[in-house]
Structure formats: C-alpha cells, structure tokens
Amino acid sequence: MQFPRSLSVTLLTTTLVTSGPAWATNGYFTEGVGPKAQAMAGVGVALPQDALAAANNPAGTALVGDRVDVGLSFFSPDRSARVRGNLAGADGDYDGNRKRVFAIPEFGYTRTLSDRLSYGVAIYGNGGMNTGYRNNPFAAFGSSGEAGVDLSQLFITPSLAFRATPAHTFGIAATYAVQRFEAKGLQAFDNPFFTRHPGNVTNRGYDTASGWGVKLGWTGQLHEKLQAGATWSSTIKTSRFERYKGLFADGGGFDIPENYAVGLSWTATPKLTLAADWQRILYSETASVGNSLSALLQGVPLGADNGPGFGWQDVTTTKLGAAYRATNNLTLRAGVSRADQPIPAGEALFNILAPGVIEKHASIGADLRTAAGEFSLSYTHAFSATVVGENSIPDAFGGGEAELTMDQNIVRAGWSKNF
C-alpha cells in the first residue's frame, strides 16, 4: 500500500526535509529516538521513557502513560575523504561539509484506553546521509560540479500495546516511511558503459519514495528489579526512486532494511537504573546498500536487477546507559555505544558519497521536571572513525586508495507533558 505521492512529499517537506536531516551514526540509522534515549546512547528496548517509545519498541506504548513529547535535534557531522596513489589524477583531500548543521524535529503521543490497552503515534527521523563536496572527488574520472548525496527518512509509527498480564506487554506498530534523495556530480557513471538507465544517475533534483513496514515488540518483568524487552522491524518495501533508477539497484530500489533488538533494564537502587540494548541491522539485504560495487566491472551495470551498490555489511550495535535520579525533579543520564564498521575497506571509493564509518558514541543528558512540564537536554559525541581503503579504486579508474573519515556532535532538546 502506498500513500499518494503528493501526500508523501507534503509530509516530508513539512517535518524533516525543510531542515535537511543527515543522520549517519549506526550506519545511516539514528542511534536513538527522543532526548531521554539519546542521553543514554540510544537505549530503549526494555526501558520506555516517553511517547516516542514505539520507535524503539512498540510494547513501550503501554508503559509510559498519557503524554505528549516534542523534541528537536541539532546534528553536526564532519565528513571528509582522501585519495592517494591514483594514476587518473584524483589524488587530494576532499571536504564533504557543504552543509554542517541540521535540525531534526520529532513528536510522540500516547494514550491509555483501558488498564490493558494503549495506543500512540511517533513521528521521527529514522536515518539518512548527506555529503557535499565542492571539490568533486570524481572529477578526474569525468564528473563535474559539486558532488554528493542527500538522503533523508521520515517514519510515522502508530502503535497499539496490550498488557497481557501485569508483567508482560506486547506491542504492534505500522511504520509508514517516506524517503527523499538527491545525487550530484556523478557524471562519470552516467553512461551506457556503467548504467542501465543513462540520464537517471545524477543531477535529477530531489525524488521521493515511500512504503509500509511492521514493528513487533515485547517487554517482560522478569524480577521486581529486572525488565527485558525484544523488538523486530520488518523490511520496509518502498517505491522506487524513478529519477535515480540508473544509480540504485533494481531500477531505483532503496528498501529500508530489517532490524531487530533485545534489551535489559535493571533498577539497581531506587535512584539508579542501568540498561543495555543489542541491535542488529541487516544492511546487506537491501541490494542498493549491500551489493558490492565490484560487480560494475564484471559487466553488471548500475540500476540493474540486483545490481552494484555501496557494499555495506550488516551492523551489530551494543548500547549501555544509566539514569540517576539526583532529586525528585532532576534526573541525570549517560551512555556509551559501539557499532560494527559497515563499510569494508575495499568499498571505500563509492562510499566517498556515504561515509557512514562511525563506530563509537558517548552521551550525557538531564531531565528537569517543572510545573510547565518536563524539559530534557542531551549531548552525544560520535568519535572520529576512519576507513583506509584496500584495493578500493579499480585499475580501470587509475588504482590507488580512498580513505573515509567522519565524526559527529548531536545536541537534542525536548519537552513533555503528562495529562
């Protein structure tokens, strides 16, 4: 089922696209949704804390009460690339920071229908990627102008949660995803030798794609102080990026990959809560993301069925967080996380466009309760990571190696009100 294309464009424009989202943390998925989860490095599978809980686990909708949450993130990535030893003349240092700061809003609402049944809706940015190279890294191969991509994803997740017993809660959610994408400066690949659809690789302006997926979740009170959770999100089969059917595999396909997670939350003391999540994102299942670019030089063109892609591997992320209630009105939070490297060293060339190489995060934050509601603030630093290419530039492009580097800073603010 697809929403009308005009509605998809309207939804995306009025929420996320006007601010240009550019998440690129655990691959290109956001690390956490909501300032409380973000302040604990994204932990939330077994620790629902606000009306955005369904983004992490739809069972959490039943555990946060009647409330509304509004948040805004300021996201600043620093992305760059280097090319060395290239005989075609591509050697150089490339700054991908055409735009440096992005503002990303989010909204959550939950309501209790009965002692056992609750519903809610969460609207948030799930992921994305942005690069802008004024000095085109592919110019030596025949490209011109500024190079880069801009991918953004908006998720709208209505949820329903049921308390089967006082200790066990189950949740289900339908996720409507809208994606927006643009590519520039890839003329070197826009010819009959490299693409099945010449004229549909680069500089076509923005295009949108949308589709539906399902989320399932469970939370269980294993002990009076220990809660567990598990959640699964299906692949979201989206419509195709028709304007970029010559760039992405399967004629413009860019489905959002399946992912799943488990978590634990432990009330160590009346004031201290510790939590941990383990998440798996199956990037390799989406051809445009997971297929290797090497197929391009084996006669399989861009845009073909199961055609070349960015070569990303599946990612496992581990998150650890703590919340300490310093006073009745003040809670302090902190967390760390580590993710697998999604980009193999041999795939560095094409990933100059999408250098999602971040592996480690550290977060801090606080909540202050007042008569006007609860105010939350968090800060996350994604530590600099580098992928050094190994046989990353084919001999047909002059050989040599590409190197990718990124770090990030995220400030997230939120306001919530129980009613």
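N306 sits in the loop between α4 (287-290) and β12, where helices (H or I, at least four residues) and strands (E, at least two) are DSSP runs numbered from the N terminus. This is a predicted model, in which local features need pLDDT of at least 70 and side-chain atom pairs count only at pLDDT 80 or more, while totals for chains, interfaces and linings use all residues. Residues are numbered from 1 along each chain as its sequence is written, and side-chain values use heavy atoms, with hydrogens and water left out.

N306 is not a glycine, yet its phi is positive, at about 55°. Most residues other than glycine have a negative phi. N306 is exposed, with a relative accessible area of 53%; here buried means under 20% relative accessible area, exposed over 50%, and partly exposed in between (1.4 Å probe, protein chains only). N203 also has a positive phi, near 55°, and is found in the loop between β6 (168-184) and β7. At 44% relative accessibility, N203 counts as partly exposed.

What is the nearest side chain of opposite charge to buried K319? It is D277, 5.2 Å away, and K319 has no salt bridge (a side-chain nitrogen of Lys or Arg within 4 Å of a carboxyl oxygen of Asp or Glu). For charge, Lys and Arg count as positive and Asp and Glu as negative, with His and the chain ends not counted. A polar atom of the K319 side chain does lie 2.7 Å from the backbone oxygen of E31. Leaving aside residues up to four places away in sequence, K319 touches residues including N26, A41, V43, A275, Q279 and V336, with contact meaning heavy atoms within 4.5 Å.

Other charged residues do pair up. A search of the whole structure finds 15 salt bridges. In one of these, E374 and R67 bring their closest N and O atoms to 3.9 Å. E374 lies in strand β15 (residues 373-388) and R67 in strand β1 (residues 67-84), so this pair ties together parts that are 307 residues apart in sequence. Both E374 and R67 are buried. Strand β1 also holds R82, whose partner E403 lies in strand β16 (residues 401-418), so that pair ties together parts 321 residues apart in sequence. The closest N and O atoms of E403 and R82 are 3.7 Å apart, and R82 is partly exposed, with a relative accessible area of 33%. R412 forms a salt bridge with E106, with closest N and O atoms 2.8 Å apart, and both residues are buried. Salt bridges that share partners join K36, R67, D69, R369 and E374 into one network.

The largest pocket is lined by 18 residues, of which Q49, A323, T331, R333 and R369 lie nearest its centre. β12, β13 (330-339) and β14 (360-370) are the elements that give two or more residues to this lining. The largest cavity is lined by 28 residues, with A55, N126, K215, N259 and Q279 nearest its centre. β7 gives the most to that lining, with 3 residues. On a 1 Å grid over the protein atoms alone, a cavity is a set of points where a 1.4 Å probe fits but cannot get out, and a pocket is an open set with protein on both sides within 12 Å along at least five of seven lines; lining residues have an atom within 4 Å of a point.

Methods
A polar contact is a pair of N or O atoms within 3.5 Å; within protein, one must be able to donate a hydrogen and the other to accept it, and residues adjacent in sequence count only if both atoms are side-chain atoms.
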